[in-house]
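Thanks for coming, everyone. Please have the sequence and the structure open while I talk.

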Amino acid sequence: MKNRIAITAALMLAVALPPVALGADLTDIGYLDQARIGTLPQFVAANRQLGQAKAQLDKQFATAMRGAHSQEDQQRVVSDFQQRFLQKQRALLAPLLERARAAVASVTSSKNLSVVVDKRIVIYGGQDITQEVIDLLQSPAPIVPPVNTPAPSEIGFVDQNQLNQIPKLKSANDDFDKWQAQLQQSTQAQMAKAKNDDERRQILKTYQQTVSDREKSELQPLVDQTKSVIGDVARKHNLILVVDSGDLVYGGSDITQDVQNALK
Amino acid sequence: MRSSSALCAAGIAVALLSSATACARAPRADDATVRGIGYVRLEEVVKKHPLYGQLAQIDSDIDALSLSTLPVAIPRSGAEFAQQTKELNDELRAAQERANGIIAQKQSDYQRREQEAINAAITAAGEKPPSAPAAGMQTTASAQAAAVATQANQDFRSYQEAVIAQDREATAGVTSKLEDRANRQFAQKANELQQSESAQALELASHDSAQRLALRTKLSNLALDDAARNDVKGQLAAIDRKELDEMTVVRNRDRATLNAFQSQLRAQTSAEIAKEVGAIHAQTQAKLQQRSSEVSSQVASQIRGLGTGSSAGLSPATQAKIQQIDAQYKAQFKTDVGKTIADYNETKKALDARFAALNGAATGAQGAAGRQLDQLHKERSDLYNQIVAQVQRETQSVAAARGLKVVFIDVVAPAGGIDLTNDVAKDVESLHE
């Protein structure tokens with residue numbers, strides 16, 4: 001089983017909703033409040049530095065994009081700056097994430113958990129390991145990760161970003177985005193010409209209905225098909241639920257590749 | 001009576017049968033495909049919440065505002081910003097040099113004309129103008145006087161630049177402080193209105209709760225025919241519509257209140273900014289005029305010290321006449337220079353506005369729309385979290401009753417587990433009651 005921790009720089013954006021374990025028996029599913037981990041001083045400082053670096057890169061990016069006249073040049077610039085940002089992110093956050101990874105693994109092992117997910121997606125039950133992880137992170141001693149991997153879990157995960165790169169999904173999403181951008185532009189022009197609020201309301205209603213209809217006809221069938229395939233693959237792996245990789249903190253079964261193969 | 005009892009008995013039998021079938025089909029918490037895990041399709045439940053109408057309205061407002069706002073101007077790069085700042089600084093420096101050149105030229109003209117008037121006065125009095133050696137000395141003194149004037153002008157320009165930099169900094173500080181205050185006031189008002197709308201929506205739902213409950217009870221009567229069932233459903237829908245209409249009126253009123261408040265804030269803030277910035281500019285102008293006047297007096301005094309326009313050996317009457325001429329030319333010079341400084345200040349004012357626009361100090365429609373959009377996003381997020389917290393509370397009792405150990409939301413795909421969506425949605429819907 002592939003151990004996995006996904007504590008990212010975007011930790012602080014997660015919604016804080018306290019799950020309550022009233023009446024629930026202990027389970028081997030744990031959850032971590034990644035948003036709270038993100039507020040620890042060491043993460044705040046690193047994120048601040050990353051924000052400053054990003055602001056600088058943004059300025060350089062805007063200048064570089066103005067000098068890039070062909071589409072190839074623009075793609076090269078985008079890729080170059082993404083790479084530079086990732087390098088900076090790695091340099092600043094990698095040591096912190098490494099330590100957090102070890103802390104989560106250690107607590108998971110000591111509590112015999114099979115999987116740890118982000119607190120945001122658990123609204124009842126589960127074991128909150130946030131405080132134990134914080135205590136370990138704040139202690140000066142080095143954290144030794146456990147040698148054993150967690151027990152097989154009934155929770156699987158997929159990387160939806162990776163799935164969205166499958167040609168038929170990517171093409172459908174890109175076409176929809178392009179169409180919506182054009183519709184937005186023409187609707188903006190209509191709004192600017194509208195004489196009163198009633199006219200504006202009507203334009204808005206038509207816009208929303210058109211987008212909703214197109215979503216239902218073009219995207220929803222693909223979304224349904226993908227969900228159905230994920231469900232089928234999950235059943236084959238004897239899983240109960242599949243969550244997004246972004247919500248998975250530790251453990252769990254990665255079925256992304258199998259889903260990709262099934263969708264091709 | 002008999003047929004009614006029979007119907008009732010049949011109804012109970014059907015109810016028991018369907019209940020038994022439902023029990024047989026419903027998965028249990030300890031099933032192999034459940035293992036104590038449940039899930040809720042959050043977005044479905046959110047749609048059943050009494051405050052969902054309000055959430056949808058905010059979404060609609062966000063769409064409307066996004067579509068009404070003109071595309072954002074392409075942001076300037078660091079280099080472009082620096083280049084435009086440099087161009088503006090160059091224009092300001094050119095305006096300063098132009099003004100200073102004119103002042104220096106006027107100073108020289110007035111000195112020459114004053115000297116000519118003094119010489120004419122001495123000749124008219126039948127007295128002797130300065131002798132040849134004295135005239136030679138005067139040529140040297142004139143050269144020294146020109147050097148003094150040049151140095152004084154350079155010093156004045158440095159002072160001018162420093163004062164203008166202070167002026168610009170103070171203007172930006174005041175503008176930013178007043179705009180921040182206005183933004184805080186707007187956010188506070190929007191928050192108050194949003195909280196009041198939430199309270200009214202819940203109050204409205206609870207006001208109709210008895211009627212709604214009675215209609216739901218009727219609907220649960222299996223003996224209802226299709227027409228009667230549709231009628232009851234229609235009545236329920238009418239209550240929903242009535243609540244939605246009433247809330248739309250409230251929201252439109254609040255939106256209008258907020259728009260009026262924003263206009264008032266904008267007008268008030270602009271007036272305060274204009275007042276404070278006006279005071280800063282007036283101070284700057286006063287400082288520059290004072291320094292200009294001081295420099296002129298200083299130059300005149302130094303030039304007198306160098307011996308130009310020496311009145312030694314002249315009669316008291318001629319000396320008095322010379323003093324009168326001197327005072328007259330100084331007064332004329334001051335008035336004339338005042339006009340040049342006023343012209344310069346006009347140019348500077350126009351350049352200041354361009355500096356302000358470059359630094360984003362000007363409150364344009366784009367900025368206001370952006371702030372309103374941010375506010376709407378915040379309102380939406382607060383309301384959504386309020387709804388989700390309620391959903392969470394309802395889920396706890398449902399999950400505990402079903403013997404589940406853990407319940408998830410935002411699941412990508414279920415392969416087992418118990419779907420609590422309908423049960424939680426019913427409980428959330430009953431918040432109307």
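Let me start with one term. Two strands count as paired if DSSP finds at least two bridges between them. Strands of a sheet pair through backbone hydrogen bonds, either parallel or antiparallel.

Keep in mind that this is a predicted model. With that said, look at chain A. It has an open sheet of 4 strands. The order is E4-E1-E2-E7, and the pairing is mixed. Which strands are at the edges? They are E4, residues 127-128, and E7, residues 248-251, both of chain A. Each of these pairs on one side only.

Now take one pairing inside that chain. Strand E1 of chain A covers residues 29-32, and strand E2 of chain A covers residues 115-118. The two run parallel, and 4 bridges join them. For example, A:Ile29 has A:Val115 as its bridge partner in E2(A).

Next, a salt bridge within chain A. The side chains of A:Glu98 and A:Arg101 meet, at 2.7 Å from N to O. Why are these two about one helical turn apart? Because they are 3 residues apart in helix H3 of chain A, which spans residues 71-110. Over all chains, the whole structure has 26 salt bridges.

On to the two chains together. On the side of chain B, 44 residues are in contact with 43 residues of chain A. Three residues stand out here: B:Leu67, B:Lys405 and B:Val412. They supply 21% of the area that chain B buries against chain A, more than any other three residues. The size of an interface is often given as the accessible area lost when the parts come together. Here the buried area is about 3600 Å². Carbon and sulfur atoms give 63% of that.

What about polar links? Between chain B and chain A there are 12 residue pairs in polar contact, counting pairs with both residues at pLDDT 80 or more. The salt bridge count between the two chains is 1. B:Asp410 forms a salt bridge with A:Arg120, with the closest N and O atoms 2.7 Å apart.

Which parts of chain B make up the side that touches chain A? Several elements each supply at least two residues, among them helix H3 (52-68), helix H4 (78-124) and strand E2 (406-409) of chain B. The largest share, 8 residues, comes from H9(B). By type, the residues on this side of chain B divide into 24 nonpolar, 14 polar and 6 charged.

There is also strand pairing across the two chains. Strand E3 of chain A, residues 122-125, is joined to E2(B) by 3 bridges. These strands run antiparallel. In E2(B), B:Val407 is the bridge partner of A:Tyr124.

Last topic: confidence. The model scores ipTM 0.80 and pTM 0.59. Chain A averages a pLDDT of 87, and 90% of its residues score at least 70. Chain B averages 77, and 77% of its residues score at least 70. Over residues 70-77 of chain B, the pLDDT is below 50. In chain B, residues 360-366 stay under 50 too. In chain A, residues 1-24 stay under 50. That stretch of chain A still has 74 contacts beyond four places in sequence in the model. Where pLDDT is low, the predicted coordinates should not be read in detail.

That's my tour. Thank you.

Terms used
Residues are numbered from 1 along each chain as its sequence is written. Chains are lettered from A and ligands numbered from 1 in the order in which they are written. Side-chain values use heavy atoms; hydrogens and water are left out. pLDDT is the predictor's confidence in each residue, from 0 to 100. Contact means heavy atoms within 4.5 Å. Buried area is the accessible area (1.4 Å probe) that two parts lose on being put together, summed over both. A salt bridge is a side-chain nitrogen of Lys or Arg within 4 Å of a carboxyl oxygen of Asp or Glu. A polar contact is a pair of N or O atoms within 3.5 Å; within protein, one must be able to donate a hydrogen and the other to accept it, and residues adjacent in sequence count only if both atoms are side-chain atoms. Ala, Val, Leu, Ile, Met, Phe, Trp, Tyr, Cys and Pro count as nonpolar, Asp, Glu, Lys and Arg as charged, and the others, Gly among them, as polar.
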